[in-house]
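Trainee: Could we go through this structure together? I would like to ask about it piece by piece.
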Amino acid sequence: EAYIGAIEAANDALNAYVAVTPDIARAQAKASDARIANGTAGTLEGIPLGIKDLFATKGVHTQACSHILDGFKPAYESTVTQNLFDDGAVMLGKLNMDEFAMGSSNETSYYGAVKNPWRSHGSNLDLVPGGSSGGSASAVAAHLCAGATATDTGGSIRQPAAFTGTVGIKPTYGRCSRWGTVAFASSLDQAGPIARDVRDAAIMLRSMASVDAKDTTSVDIPVPDYEAAIGKSLKGKRIGIPREYRVDGMPEEIEAIWQQGIAWLKDAGAEIVDITLPHTKYALPAYYIVAPAEASSNLARYDGVRYGLRVEGKDISDMYEKTRAAGFGKEVKRRIMIGTYVLSAGYYDAYYIRAQKVRTLIKRDFELAFNAGVDAILTPATPSSAFGIADEDLASDPVKMYLNDIFTVTVNMAGLPGIAVPAGLDHKGLPLGLQVIGKPFDEEMLFQSAHVIE
Ligand code: GLN
């Protein structure tokens with residue numbers, strides 16, 4: 001009831017929720033009370049969560065914050081949300097996001113921008129919460145849920161977590177089932193939690209993760225008790241510092257917070273080593289070929305016949321055209337056009353195949369570092385703190401917006417786990433995050449190191 005009240009009081013201002021489901025929350029909470037009373041409580045019994053609008057929730061608003069999915073209420077539940085409910089979690093509602101998870105500011109949502117609950121010192125300017133999981137990050141930061149589900153294709157869990165002073169982890173590709181999560185770029189998409197601290201994130205991820213017969217890319221590796229990793233000593237662990245992440249124009253205070261993180265990990269017993277990930281500079285351009293290519297294929301299904309919106313036309317082709325013209329926003333259309341172009345005959349080898357080769361090189365950079373004895377890698381999470389809503393510079397130049405993902409996309413390209421953890425504030429009083437990148441399926445090392453930093 002406290003969370004439902006908080007949402008009623010603050011959501012008009014923040015726009016974090018696009019659908020609130022108090023009846024479902026109350027029914028689930030009642031069932032939780034019964035399980036607690038009879039001694040069969042799960043690990044998340046009665047914990048009120050927000051669910052990103054990308055997750056299919058049975059009978060409940062699921063639109064990936066797109067106009068084209070108007071009125072869509074799935075007949076099934078995503079595996080991740082089902083796992084959470086099986087452990088006793090309670091759903092408060094569906095959270096705002098960039099349309100189809102394409103964006104870094106939550107401004108591409110059909111439902112409008114989300115506000116970051118943080119403000120710069122002495123300023124009334126509204127800031128973005130980051131994206132695409134901006135609703136998730138804003139709701140967690142403003143106490144409008146105890147934790148939230150999110151997804152990360154190129155940084156969409158970690159960047160909003162960094163912008164709102166929350167913790168977000170993108171697990172290893174294959175850790176969580178993608179079944180029932182609206183697809184953006186299938187070889188990059190992963191679900192994960194945004195939470196108030198490292199322990200909460202650990203508890204949530206343990207529940208969300210599972211192998212699943214309905215997603216053949218989910219992996220059958222036991223899910224450890226992540227919470228147990230928290231507080232373990234870092235003695236004997238080696239943390240790599242990649243020189244390529246010291247990018248031109250990065251504010252000095254981000255460098256400073258990075259050095260602070262290094263010092264904390266050293267104090268906790270870790271050995272710090274300089275490493276090189278030489279193909280880092282190609283990650284962003286390669287990502288912005290691979291992700292739109294997969295998106296253009298995944299979004300072909302929205303045709304006015306199977307889901308949501310239909311705009312009538314004089315024949316079926318006309319209906320497709322009118323529906324897609326009216327249903328997709330500008331950024332989504334841009335991605336579909338880029339993706340279609342790089343996959344078309346004549347350009348396929350020059351762009352798509354080349355980007356896939358670059359992807360292999362990026363993956364190999366990380367493998368070499370890990371094989372040389374590095375246990376985890378520490379980097380900044382983002383090249384800046386949260387920026388203003390409708391920032392003119394960014395709105396007019398999509399490439400500038402894409403630069404937000406510079407430290408996060410490498411991790412998706414390599415399929416690795418990455419966590420963003422709040423590490424301090426900048427001169428404006430806004431949160432800055434650090435990122436810890438780990439070996440495949442070694443999320444424990446991320447929780448262990450992030451706990452030292454938080
Ligand atoms: N900002 C990136 C993009 O727009 C990543 C989004 C995401 O991780 N879903 O593609």
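Trainee: How many residues of strand S6 (residues 190-195) are buried?

Mentor: Six of the six residues of strand S6 are buried, so the strand is largely enclosed by the rest of the structure. A residue counts as buried if 20 or more other C-beta atoms lie within 10 Å of its own, as exposed if 12 or fewer do, and as partly exposed in between, with C-beta atoms placed from the backbone. Strands (E, at least two residues) and helices (H or I, at least four) are DSSP runs numbered from the N terminus. Please keep in mind that this is a predicted model, in which local features need pLDDT of at least 70 and side-chain atom pairs count only at pLDDT 80 or more, while totals for chains, interfaces and linings use all residues. Residues are numbered from 1 along each chain as its sequence is written.

Trainee: Which residues lie on each side of S6?

Mentor: Gln-190, Gly-192 and Ile-194 are on one side, and Ala-191, Pro-193 and Ala-195 are on the other. Both faces are covered.

Trainee: Which sense does the pairing of S4 and S6 have, parallel or antiparallel?

Mentor: S4 and S6 run antiparallel and are joined by six bridges. Two strands are taken as paired if DSSP finds at least two bridges between them. Strand S5 (residues 167-170) also pairs with S6 in the antiparallel sense, over two bridges. Ala-195 in S6 is the bridge partner of Gly-147, and Ala-195 is also the bridge partner of Val-167.

Trainee: And the whole sheet, in what order do its strands come?

Mentor: The eleven strands form an open sheet with mixed pairing, in the order S1-S3-S2-S4-S6-S5-S10-S11-S9-S7-S8. Strands S1 (17-20) and S8 (271-275) stand at the edges with a single partner strand each, so one side of each has no neighbour in the sheet. On average, neighbouring strands are turned by 30° against each other, direction ignored; the axes are lines fitted to C-alpha atoms, and angles run from 0 to 180 degrees between N-to-C directions.

Trainee: How many bridges does S1 share with S3?

Mentor: Three bridges, in the antiparallel sense, link S1 to strand S3 (residues 90-95). Within this pair, Val-20 stands opposite Gly-93 in S3.

Trainee: Changing topic: which residues does the "active site" annotation cover?

Mentor: The UniProt annotation, from an unreviewed entry, covers Lys-52, Ser-132 and Ser-156. These residues are spread over 105 residues of sequence, yet they cluster in space, with a largest C-alpha distance of 11.3 Å. UniProt positions are given in the numbering used here, feature names are shortened, and annotations may be inferred rather than shown by experiment.

Trainee: Where does Ser-132 lie?

Mentor: Ser-132 is in the loop between S3 and helix H4 (134-141). It counts as buried because it has 35 C-beta neighbours inside 10 Å. Beyond residues up to four places away in sequence, Ser-132 touches several others, including Met-97, Asp-98, Asn-106 and Ser-156; contact requires C-beta atoms, placed from the backbone, within 7 Å. The peptide bond from Gly-131 to Ser-132 is cis, with omega near 5°.

Trainee: What about Ser-156, where is it found?

Mentor: Ser-156 belongs to the loop between strand S4 (147-152) and helix H5 (158-164). Ser-156 is buried, with 37 other C-beta atoms within 10 Å. Among the residues it touches are Ala-101, Gly-131 and Ala-150.

Trainee: Which residues come nearest to the ligand?

Mentor: Of the 13 residues around the ligand, Ala-101, Ser-104, Thr-153, Gly-154 and Ser-156 come nearest. Here a residue is near a molecule or strand if its C-beta atom, placed from the backbone, lies within 6 Å of it.

Trainee: Which residues other than glycine have a positive phi?

Mentor: Cys-65, with phi near 50°, is one of them, and Asn-106, with phi near 65°, is another. Cys-65 is placed in the loop between strand S2 (48-52) and helix H3 (79-86), and it is buried, with 30 other C-beta atoms within 10 Å. Asn-106 is in the loop between S3 and H4, and Asn-106 is also buried, with 35 other C-beta atoms within 10 Å.

Key: Two residues are in contact if their C-beta atoms, placed from the backbone, lie within 7 Å.
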